[in-house]
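Keep the view open as you read.

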Amino acid sequence: MKKYREQNEIQNAYAEGLSLFSNIGFIFLIGTFFLFVSGWLPVRIPFSQYAHLLPLRAGEFLEKTGSPRGWEWLGMLKYGDMLSFAGVVFLASISFFTYLWILTKLIKTKDYIYAVLVSVQIVIFVLAATGAVSGGH
Amino acid sequence: MAPEMILRMIQRLAFLVFMIFSFCSLSWGSFLIPAYATEVSAKPAEKTYSRVRFTAEVAGVETLAQPVAWQSITPPPKPKQVWWRMPAILFVFTFFLGIVAVAAGVGGGVLFVPIVGGFFPINIDFVRGAGLMVALSGALFAGPGLLKKHMANLRLAIPVALAASISSILGARVGLVLPENVIQIALGSAIVGIAIVILLARGAERPEVKEDRIANWLRIRGSYTEESTGHEVEWRVHRVLPGLLLFVVIGFMAGMFGLGAGWANVPALNLVMGAPLKVAVGTSVFILSLTDTTAAWVYLNEGAVLPLVAVPSMAGMMMGTRIGVKLLAKSKPVIIKRIVIGFLIVAGLRALLRGFGI
């Protein structure tokens, strides 16, 4: 419908972005996981240890394995398990990228109410991702 | 063999696997994954034990005949690790779970957490982290198609997802801090409640709506093409404020239990805010991609997302869901839906019993 054309254009742009990032994310996720389990890269936690570690709570797991919190994993990408974690992180970042994508379009179309809502959501994503509200550091 | 017959067979197989796994999980816990996917080669140990006992008995030393003595003399057998069994089973299980979830019309996340939490020897923290990633990945992949067909609406999703995102952070924080038994009790109660909501909620195809001031201000309205008639259907919403408050509660629960929240999003959008059922279903999936992103970050930062658990589950669920969607057109999902709801109730009760230490 013509009267929803502007709305549909932004929605379609979002869909395009989401589709692009999701496909890249899925390939990256599977690729890094394959590198992790294939044994081509060294791992921080030996596979044999998972059996004893998985029943632990997340906090105990981190304590016992000395695993990184927050973004400390970025400095450990030579390890297969950390690289695979990067694949998961990328997938969890897709909405952030797509929101940035449409923010510019909302400002261009002078849809300021939604530009503010999207900006607040981006701030929420950033706060959650940096651990500022999730206690990651 | 006709393709329809093959599809029907695949669906029956998926359902059978789901039934077997679920029944096993509810009856015997993690019996299929003995000793946390560890195989112990017992024969050499028995031999050593027999030799020690024989020597001890001949020597007249009774204590040596006890297993404790055996342990002190013979080093414990080195377990033969089969670490890949758990991710492989997770992949296969979530693949079939994806098929069944689509047929039953429920999200994968809501089935994943209670069943995997009960079935696999994995702490509920990691199960919830993986559950969020499962729901998130499914929503990310379904999102573009739904948005392009206008079955999901961005203007409807943005404000409610913002409300849900903020509270999902709080829910995730609370979920990771509370003692395990409290989580199990809360999860059990939530699952039983969700099963009842799914069972009783009747959607209104196109509710009568008197657009309110906030909906008008935010211009939350749109149109979609009704495929059966080819007509363009225009829609509006109302009761935006109560809807936003409801999404605050939904977001909190999604974050706390890692369930995804399609079961609650659809009634909130359709019955409370008056969005047409099709738009409510589509937008609900899209909202998950936003709410679960925020909650997932809390779990990621707290180390509660392990690739070895999350990635096979996400891949299995994504593949299963895609096949499930193709099978959906050729199946009669009413019975499957009722049985899945039955399993949800039993899984919820099991979590409750666990929480109470029974």
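Is Lys110(A) buried or exposed? Lys110(A) is exposed, as its relative accessible area is 59%; here buried means under 20% relative accessible area, exposed over 50%, and partly exposed in between, with a 1.4 Å probe and protein chains only. You will find Lys110(A) in the loop between α4 and α5 of chain A, where helices are DSSP runs of H or I with at least four residues, numbered from the N terminus. Its phi is near 60°, a positive value in a residue other than glycine.

Before going on, a word on the ground rules. This is a predicted model, in which local features need pLDDT of at least 70 and side-chain atom pairs count only at pLDDT 80 or more, while totals for chains, interfaces and linings use all residues. Residues are numbered from 1 along each chain as its sequence is written, chains are lettered from A and ligands numbered from 1 in the order in which they are written, and side-chain values use heavy atoms, leaving out hydrogens and water.

Now turn to the contact between the chains. It takes 66 residues from chain A and 69 residues from chain B, with contact meaning heavy atoms within 4.5 Å. Together the two chains bury about 5,900 Å², 68% of it on carbon and sulfur atoms; buried area is the accessible area (1.4 Å probe) that two parts lose on being put together, summed over both. In chain A, Leu54(A), Arg57(A) and Tyr114(A) lose the most area to chain B, together 13% of what that side buries.

Arg57(A) also meets Asp125(B) through their side chains in a salt bridge (2.9 Å, N to O). A salt bridge is a side-chain nitrogen of Lys or Arg within 4 Å of a carboxyl oxygen of Asp or Glu, and there are 5 salt bridges between chain A and chain B. On the side of chain A that touches chain B, the largest share, 18 residues, comes from α1(A).

Finally, look at Gln121(A), found in helix α5 (residues 112-130) of chain A. Gln121(A) is buried because its relative accessible area is 0%. Not counting residues up to four places away in sequence, Gln121(A) touches Tyr99(A), Ala161(B), Leu162(B), Ser165(B) and Thr294(B).

Terms used:
Helix = DSSP H or I, 4+ residues; strand = E, 2+ residues; numbered from the N terminus.
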